[in-house]
Amino acid sequence: MNINIEKKSANSIQELNTIGFRIGSEEYGLALSTVQEIITTPRITRVPKAPTYIKGVINLHGNVIPVIDIARRFKIGETKIGPGSRVVVIDMADEAIGLLAESVSKVASFSASQIQPPPPLVAGIAAEYLQGVVRLRNRFLIFLDLQKTLGEDDTN
Amino acid sequence: LLTIESSAGAPADQEITHLQSVLTQVSGRLEWHQHANGSATFILSLPLTLAIIRVMMARVGDEVYAFPIQSIQETQRLTASNISTIRGREVLELRNEALSLLFLREYFDVPVASASDQGRVLIIHHQDHKIGVVVDHIVGIREVVIKPLTSRFTNIRTISGSAILGDEQIALILDAEALVEEAIRCQGRGPVVPFSNGKHTEQRLIP
């Protein structure tokens, strides 16, 4: 489910379709294949005693799923909820998870070879949580290691 | 049917008979097989309608919580006359008993815009203990379908699940046992008040 960045052979013509979502001044990339759907931010029910990066739970077609604030997860601020904000629902192995985004940008396609290994720290996020970064003509996409970022027993 | 299977040592026959009669009442059933080594396998079959429970909905600030009805003994108003302080902690005086109180607004850090009244107490019992949970208002009694929360929430013991309400909003379902424990724990060192002295209340479930 995570994008494969191991294949960096120059003759690889593997195309990656991704969407971007913005939190603060940073744009994060997600492989389109991991995205289940993108919804306008519904009312979020706060869950008391949960870690602060869990914004709460939402009703997604009758299922109750958690919504996570990546900015709070990495203690780099808070994702603002406004008219443009969305919840990007991603399909993890055992649960669907909503990621809070201030906005969602259009689909970008590039070859896997354009993904570069992450620098030690990007936007306040340590490299161990990153899969890589991509420089496009006028965009810079950060790819998170979703398993590590959204794993249950990592922070608190 | 939802089937739960487990293995344990065989209890006395009469306990099995009792369990069977309880399960029959809820349209479930119990099967069991004794194994040669002395252990036994019990298969409890429960209808999925058990995932529907009756809850009392209560409001705290802008948030609504659901309390399973079978753990609520009664509700009371919180007034200056029935609250008193014993060794620095606030307790509810209820028919010559002093109950520990859990103020849900403070316990759950509920954001409150205005100082609304924390005017109602749900008297919650679990086994031999009872406590009071202080809320703002009682919304009413509903039947709700239990929607489980994912495993990342299981360590929050006071929250047992969730329910989707008629307006598509979510209410968290609270766990009586954990609330009782937290009320007793948060209040500190005082003695635990025993449940009832043979006196039973007629004032059940009146919001």
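1. Let me start with R72(A), which at 26% relative accessibility counts as partly exposed (buried means under 20% relative accessible area, exposed over 50%, and partly exposed in between, with a 1.4 Å probe and protein chains only). R72(A) forms a salt bridge with E78(A), their closest N and O atoms lying 2.7 Å apart; the term covers a side-chain nitrogen of Lys or Arg within 4 Å of a carboxyl oxygen of Asp or Glu. E78(A) is also partly exposed, with a relative accessible area of 43%. Salt bridges that share partners link K55(A), R72(A) and E78(A) into one network.

2. A word on the ground rules: this is a predicted model, in which local features need pLDDT of at least 70 and side-chain atom pairs count only at pLDDT 80 or more, while totals for chains, interfaces and linings use all residues. Residues are numbered from 1 along each chain as its sequence is written, chains are lettered from A and ligands numbered from 1 in the order in which they are written, and side-chain values use heavy atoms, with hydrogens and water left out.

3. Next, the contact between the chains. Chain B and chain A bury about 1,900 Å² between them, 57% of it on carbon and sulfur atoms; buried area is the accessible area (1.4 Å probe) that two parts lose on being put together, summed over both. R152(B), F153(B) and I170(B) supply 36% of the area that chain B buries against chain A, more than any other three residues. The contact (heavy atoms within 4.5 Å) takes 23 residues from chain B and 22 from chain A.

4. Two salt bridges are counted between chain B and chain A. In one of them, R46(A) pairs with E63(B), with the closest N and O atoms 2.6 Å apart. On the side of chain B that touches chain A, β5 (63-68), β13 (159-164) and β14 (170-174) are the elements that give two or more residues; strands (E, at least two residues) and helices (H or I, at least four) are DSSP runs, numbered from the N terminus. β13(B) has the largest share of that side, 3 residues.

5. E95(A) forms a salt bridge with R152(B), at 2.8 Å between the closest N and O atoms. This pair crosses between chains, from the loop between β6 (86-91) and β7 (96-101) of chain A to the loop between β12 (137-147) and β13 of chain B. E95(A) is buried, with a relative accessible area of 8%, and R152(B) counts as buried at 8% relative accessibility.

6. The largest nonpolar core has 61 residues, and those with the most contacts inside it are I90(A), L99(A), F67(B) and L104(B). Such a core is a set of buried Ala, Val, Leu, Ile, Met, Phe, Trp, Tyr and Cys residues joined through side-chain atoms within 4.5 Å. Leaving aside residues up to four places away in sequence, the neighbours that L104(B) touches include F67(B), V134(B) and L179(B).

7. Finally, α3(B). Its buried residues include A176(B), L179(B) and E182(B), and the buried residues of α3(B) pack against elements of chain B including β5, α2 (104-107) and β14. E182(B) and R185(B) meet in a salt bridge (2.7 Å, N to O). Being 3 residues apart in α3(B), these two are separated by about one helical turn. E182(B) counts as buried at 13% relative accessibility, whereas R185(B) is exposed at 54%.
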